[in-house]
Amino acid sequence: FSDLREIKKQLLSVAERSRERGLQHSGKWAAELAFALEPLPLSELPPPPVLTEEDARDLDAYTLAKSYFDLKEYDRAAYFLRGCKSQKAYFLYMYSRYLSGEKKKDDETVDSLGPLEKGQVKNEALRELRVELSKKHKAQELDGFGLYLYGVVLRKLDLVKEAIDVFVEAAHVLPLHWGAWLELCNLITDKEMLKFLSLPDTWMKEFFLAHIYTELQLIEEALQKYQSLIDAGFSKSTYIISQIAVAYHNIRDIDKALSIFNELRKQDPYRIENMDTFSNLLYVRSMKPELSYLAHNLCEIDKYRVETCCVIGNYYSLRSQHEKAALYFQRALKLNPRYLGAWTLMGHEYMEMKNTSAAIQAYRHAIEVNKRDYRAWYGLGQTYEILKMPFYCLYYYRRAHQLRPNDSRMLVALGECYEKLNQLVEAKKCYWRAYAVGDVEKMALVKLAKLHEQLNESEQAAQCYIKYIQDIYSCGEVVEHLEVSTAFRYLAQYYFKCKLWDEASACAQKCCAFNDTREEGKALLRQILQLRNQGETSSTDVAAPFFLPASLSANNTPTRRVSPLNLSSVTP
């Protein structure tokens with residue numbers, strides 16, 4: 001990144017070349033990035049591309065066809081381009097045929113099936129395109145854009161291995177074309193795969209790695225990369241800011257993500273990309289007024305954009321109007337059947353409406369679009385849990401856990417599954433691991449304690465409950481956990497059995513503060529008083545490794561460690 005002026009020149013040049021070939025998104029990406037850099041003086045602007053003899057011959061046909069292409073008359077554009085020899089015209093010819101097939105496929109999908117039928121509708125042009133492009137490829141007549149199109153055709157035909165090789169080749173031939181890098185991102189499923197790719201050593205590789213780390217949930221590495229890109233001079237790039245916000249959304253640092261999105265909207269108020277992610281954050285925080293404002297705002301900008309439909313869907317979902325929400329997610333899928341977020345969100349809505357078969361279908365579609373979508377795997381697990389099919393659950397929760405190894409929700413779900421299947425040792429490992437990675441919902445310790453209770457391991461159960469109570473109180477939250485009363489009740493009874501009257505009465509008094517344990521607490525206090533009056537002394541022969549002081553603060557409550565479960569060998 002030593003010479004930002006040279007990078008700006010390259011970006012302006014590739015943005016123009018992408019637009020000439022109808023690659024709108026790659027052109028937009030390069031232009032946005034170029035905009036974030038300092039403007040160039042007139043003397044340093046990139047020169048217009050040099051025309052070859054072939055270009056000059058095809059110029060008329062190309063100009064006519066490009067105007068038809070821009071109006072989405074793909075067949076017409078292809079008709080006038082047949083027989084053109086120049087690289088640019090040939091690419092537009094093949095790309096027009098490809099898009100024509102895609103458009104017909106999408107139209108047919110929408111007309112005949114509605115978004116929840118698994119259509120056997122295929123792009124008829126793909127096989128012919130593959131044959132023609134592979135001949136050109138063998139003869140080494142494809143430029144970077146041609147290789148990109150060949151890769152897309154292979155991917156659509158599910159020839160993933162060949163597609164990856166072609167995209168890597170495209171990145172070597174034309175490293176500035178973001179489209180090829182992005183396609184490569186969608187095909188890489190894990191870090192191991194990434195190691196074996198021989199990628200060109202260029203500044204574009206940094207953007208690619210940051211993006212793929214975000215996709216693979218390696219968020220710390222991604223954030224480091226984005227920070228280094230900002231330090232290198234891309235601090236004004238809205239693309240990088242939005243990616244950082246998405247990264248924070250992925251690690252559930254909701255406040256940070258929200259503040260970045262708000263900043264982004266100030267910089268680029270008419271932006272629609274990533275606003276569905278922003279709406280997910282507002283949904284999780286139940287921020288109705290903000291979500292309503294966002295939905296109205298996007299509706300004014302463009303109501304027939306996929307992201308707008310998803311935001312409105314989230315808004316209705318937050319108002320518990322699930323039928324309406326599902327309707328908007330369906331509308332989003334009619335606009336773009338390959339839009340991942342809408343499939344997953346629609347699955348959630350069908351779950352709310354208790355329509356499990358439709359939910360399963362929607363989640364499966366989401367996984368077809370992107371196998372790395374942990375929410376869809378997790379959703380399938382939940383659906384099969386409702387259907388009381390624990391072995392299926394286990395499979396789907398495991399897949400979700402593999403994608404998010406440090407997400408406590410997946411681990412707690414896995415633990416519950418193992419519990420249902422009576423594999424209590426595995427369940428204990430899951431709960432303990434969920435606690436170790438930072439339990440979001442603060443339920444892992446309670447579940448672990450109840451397991452110990454079941455297995456009559458009263459000491460471990462008591463230790464779990466104590467840790468749980470410390471956690472709740474150290475957060476400084478107003479305690480609305482039902483389980484707090486359960487914990488105090490268990491501890492009161494445990495200390496009572498151990499004849500530790502002071503600790504038992506302290507816990508019993510805490511029980512009196514909760515409706516569901518008030519009577520038991522009072523009864524226990526009466527019993528303790530009786531025994532004390534009869535002269536029963538507090539037991540000293542029972543090793544009392546723990547007690548609960550009145551403050552219940554974490555720093556002055558010594559607890560013996562819960563016997564650590566060996567997690568090194570087993571990752572559920």
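**Notebook: aromatic pairs in an all-helix fold list**

I began with the surface. The protein exposes about 28200 Å², and carbon and sulfur atoms supply 51% of that area. I note here that the model is predicted.

Next I looked up the secondary structure. I found 29 helices and zero strands in the protein.

Then burial. The protein has 572 residues, and 51% of them count as buried.

I also checked how far apart in sequence the contacts reach. Among contacts with a separation of 6 or more, 59% join residues 24 or more positions apart.

**Ring pairs**

How many aromatic pairs does a search of the whole structure find? I got 31. One of them is Tyr90 with Tyr93, a tilted pair.

I then asked where Tyr90 and Tyr93 lie. Both are in helix 5, which spans residues 87-113. They are three residues apart, about one turn of the helix.

Are Tyr90 and Tyr93 buried or exposed? Tyr90 counts as buried because its relative accessibility is 11%, under the 20% cut-off. Tyr93 has 18% relative accessibility, so Tyr93 counts as buried too.

I moved on to a second pair, Tyr95 and Tyr98. This pair is stacked, with 6.3 Å from centre to centre and 10° between the planes. Tyr95 and Tyr98 also lie in helix 5. Again the spacing is three residues, about one turn of the helix.

I checked burial here as well. Tyr95 is at 11% relative accessibility and therefore counts as buried. Tyr98 has a relative accessible area of 7%, so Tyr98 is buried.

**A cluster of rings**

Which residues do ring pairs link into a cluster? I listed Trp29, Trp178, Trp203, Phe207, Phe234 and Tyr239.

**Charges over rings**

Last, I looked for charged side chains over ring faces. I started with Lys88. Its charged end sits over the ring of Tyr62, 4.7 Å from the ring centre.

I also looked up Trp377. What lies over the face of Trp377? I found Arg399 there, at 4.2 Å from the ring centre.

Methods
Residues are numbered from 1 along each chain as its sequence is written. This is a predicted model: local features need pLDDT of at least 70, side-chain atom pairs count only at pLDDT 80 or more; totals for chains, interfaces and linings use all residues. Side-chain values use heavy atoms; hydrogens and water are left out. Helices (H or I, at least four residues) and strands (E, at least two) are DSSP runs, numbered from the N terminus. Buried means under 20% relative accessible area, exposed over 50%, partly exposed in between (1.4 Å probe, protein chains only). Contact means heavy atoms within 4.5 Å. Accessible areas come from the Shrake-Rupley method with a 1.4 Å probe; for residues, only the protein chains shown count as cover. Rings of Phe, Tyr and Trp (its six-membered ring) pair if their centres lie within 6.5 Å; planes under 30 degrees apart count as stacked, over 60 as edge-to-face and the rest as tilted. A charge sits over a ring if NZ of Lys or CZ of Arg is within 6 Å of the ring centre and within 35 degrees of the ring normal.
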